[in-house]
Amino acid sequence: MKWNLLFFFNSALLGVGLAMDAFSVSLANGLHEPSMRKKKMCGIAGIFALFQAVMPMIGWICVHTILQYFEAFETLIPWIALILLLYIGGKMLLDGIKNKEEETQPPKIGFSALFLQGVATSIDALSVGFTIAGYGLVMAIICALIIAAVTFVICMAGLAIGKKAGTKFSNKAVILGGVILILIGLEIFIKGILS
C-alpha cells in the first residue's frame, strides 16, 4: 500500500466499522449515567479509542511474528466478547431493576467496567491486523491512529445521545443500556460463529 488518499480513506472506513460496537456501548453508558461530565465522556471515548488503536497493532505484530498462535486464539474472540458484554450488560440490567424499585441514582460507570467494555468492543479489531499486514510499521501505526480518532469522535456522539435520552428516561435508560450491551454481545458472538 502506498501513501495516498485511498490509504487515509480506507483507514477512516476501518475506523467507522470498528467503532460501531463502541458507539453502541457509549450510547448505553450515556443512558446509564445521564449526569456524566465532559471530562469523563472524553475519558470513556479515549479508552475506546485506545483499545481500537492497540488491538489492530497487536494483530499486525502477531501476523509478523506468531501467526499460528493468533489463528488458534481467533476462534475464541466471539466467546470472549459475548461473556464480557453479557456480564457488563447483565450487571447494568440488574442495577436498573434494583434502582427502579428503590428509585435511587444508578451507580456511576467505573474504570473496571470501562476496561472490560474496551476489551469486549475492540477484540474483533485484532483481525484488522491481518488486513493491514501488508503495511509497514509506520503505515500501520498511522492507520491505527486514524481508527482511534474516528472511534473517539463516534463514541463522543454516542455518549452525548445516550446522556440526552438518559435524562428523559431516567432508570428505564439503565435497563435499556444493559439490554443494548447484551444484544451487542450476542451480535458479535453470532457474527463470529457464522463467519
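Modeller: Contact here means heavy atoms within 4.5 Å. Helices (H or I, at least four residues) and strands (E, at least two) are DSSP runs, numbered from the N terminus. The model is predicted, with pLDDT of at least 70 required for local features and 80 or more for side-chain atom pairs, while totals for chains, interfaces and linings use all residues. Residues are numbered from 1 along each chain as its sequence is written, and side-chain values use heavy atoms, with hydrogens and water left out.

Biologist: Which elements does the protein have, and in what order do they run?

Modeller: There are eight helices and zero strands. From the N terminus on, the order is α-α-α-α-α-α-α-α.

Biologist: What makes H2 and H5 a contacting pair?

Modeller: Ile44, Ile47, Phe48, Phe51, Gln52 and Met55 of H2 meet Phe111, Leu114, Phe115, Gln117, Gly118, Val119, Thr121 and Ser122 of H5. These residues divide into nine nonpolar, five polar and no charged. Ala, Val, Leu, Ile, Met, Phe, Trp, Tyr, Cys and Pro count as nonpolar, Asp, Glu, Lys and Arg as charged, and the others, Gly among them, as polar. Helix H2 spans residues 38–64, and its axis lies 9 Å from that of H5 at an angle of about 40°. Axes are lines fitted to C-alpha atoms, for helices over the stretch in contact, and angles run from 0 to 180 degrees between N-to-C directions.

Biologist: Why are H1 and H5 called roughly antiparallel?

Modeller: H1 (residues 5–32) and H5 (residues 111–122) pack at about 150°, with axes 9 Å apart. Angles under 35 degrees count as roughly parallel, over 145 as roughly antiparallel, 65 to 115 as roughly perpendicular and the rest as oblique. The pair is therefore roughly antiparallel. Leu18, Asp21, Ala22, Val25 and Asn29 of H1 make the contact with Leu114, Gln117 and Thr121 of H5. By class, the residues of this contact are four nonpolar, three polar and one charged.

Biologist: How do you know that Gln117 is buried?

Modeller: Buried means under 20% relative accessible area, exposed over 50%, partly exposed in between (1.4 Å probe, protein chains only). Gln117 has 1%, so it is buried. This residue of helix H5 is in contact with Val25, Asn29, Phe48, Ile88 and Leu181, leaving aside neighbours within four places in sequence. Over the protein, buried residues make up 47% of the 195 residues.

Biologist: Why is Glu74 called partly exposed?

Modeller: Its relative accessibility is 27%, so Glu74 counts as partly exposed. Glu74 is in helix H3 (residues 67–74) and touches Ser127 and Phe130, not counting residues up to four places away in sequence. Its C-alpha atom is 8.3 Å from that of Leu126, 52 residues apart along the chain.

Biologist: What makes Ala144 count as buried?

Modeller: The value for Ala144 is 4%, so it counts as buried. Ala144 is in helix H7 (residues 137–169) and touches Ala53 and Met57, again not counting residues up to four places away in sequence.
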